Amino acid sequence: DLLVDFVGRRLLGHVDLHCVRNDDPPPEGESWELVLDASADLEISEVQVDGGALDRSRWGRDEHRRHAALGLALRIQLPPGQPGGDVVVRVRYETAAPNDSGEGGSSALQWLSPAQTAGKRFPYMFSQ
């Protein structure tokens, strides 16, 4: 699901990631972990695993490894499961919106007003 908000100049939606756990279980006392590359300007609001919301304490952004070009990883501690087993992870997100002067927001999105388009009737968004 993806909603394109032309007024707020942002995207809102979720992605379902169909994953397979490693064949080797995590060390005793540790959890399975999924690490996702993510832009620092992507706001994560919820993580679900196999249809159930994951407690906020089990996922977060890796501030220790923040990088200007590489972004801010999302680290998710998965619940117990079988090695080699399937797991579906849903991440709800929205892109950051630019400020009133057009600065900031998601660096991958470009927003055109109707006046900037060929037909002059509808706004346009494209991604890089």
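Predicted model: local features only at pLDDT ≥ 70, side-chain atom pairs only at ≥ 80, totals over all residues.
Three strands form an open sheet in the order 3-7-6. The pairing is antiparallel. Strand 3 (32-36) and strand 6 (59-61) are the edge strands, and each pairs on one side only. From one strand to the next, the twist averages 15 degrees. Strands of a sheet pair through backbone hydrogen bonds, in either a parallel or an antiparallel way.

Strand 7 covers residues 74-78 and is joined to strand 6 by three bridges. These two strands run antiparallel. Which residue of strand 7 stands opposite Trp59? Ile76 does.

**The salt bridges**

Side chains of opposite charge can pair when their charged atoms come close. The structure holds seven salt bridges.

| Pair | Closest N and O atoms |
|---|---|
| Arg75 and Glu33 | 3.0 Å |
| Arg92 and Glu46 | 2.9 Å |
| Arg66 and Glu63 | 3.1 Å |

Arg75 forms a salt bridge with Glu33. Arg75 lies in strand 7 and Glu33 in strand 3, so this pair ties together parts that are 42 residues apart in sequence. Are the two partners buried, partly exposed or exposed? Arg75 has 24% relative accessibility and counts as partly exposed. Glu33 is also partly exposed, with a relative accessible area of 41%. The partly exposed class lies between under 20% for buried and over 50% for exposed, so both values fall inside it.

Next comes a link between two other strands. Arg92 pairs with Glu46 in a salt bridge. Arg92 belongs to strand 8 (residues 86-95) and Glu46 to strand 4 (residues 42-49), so the contact ties together parts that are 46 residues apart in sequence. The relative accessible area of Arg92 is 28%, which makes this residue partly exposed. Glu46 is partly exposed at 24%.

The last pair in the table is Arg66 with Glu63. Arg66 has 46% relative accessibility and counts as partly exposed. Glu63 is partly exposed too, at 47% relative accessibility.

Some salt bridges share partners. Which residues do they join into one network? The network consists of Asp5, Arg10 and Glu94.

**In brief**

The open sheet has the order 3-7-6. Another, between Arg92 and Glu46, ties strand 8 to strand 4.

Terms used: Residues numbered from 1 in each chain as written. Heavy atoms only, no water. Pairing = 2+ DSSP bridges. Helix = DSSP H or I, 4+ residues; strand = E, 2+ residues; numbered from the N terminus. Axes fitted to C-alpha atoms, helices over the stretch in contact; angles between N-to-C directions. Salt bridge = Lys/Arg side-chain N within 4 Å of Asp/Glu carboxyl O. Buried < 20%, exposed > 50% of the residue type's maximum accessible area, 1.4 Å probe, protein only.
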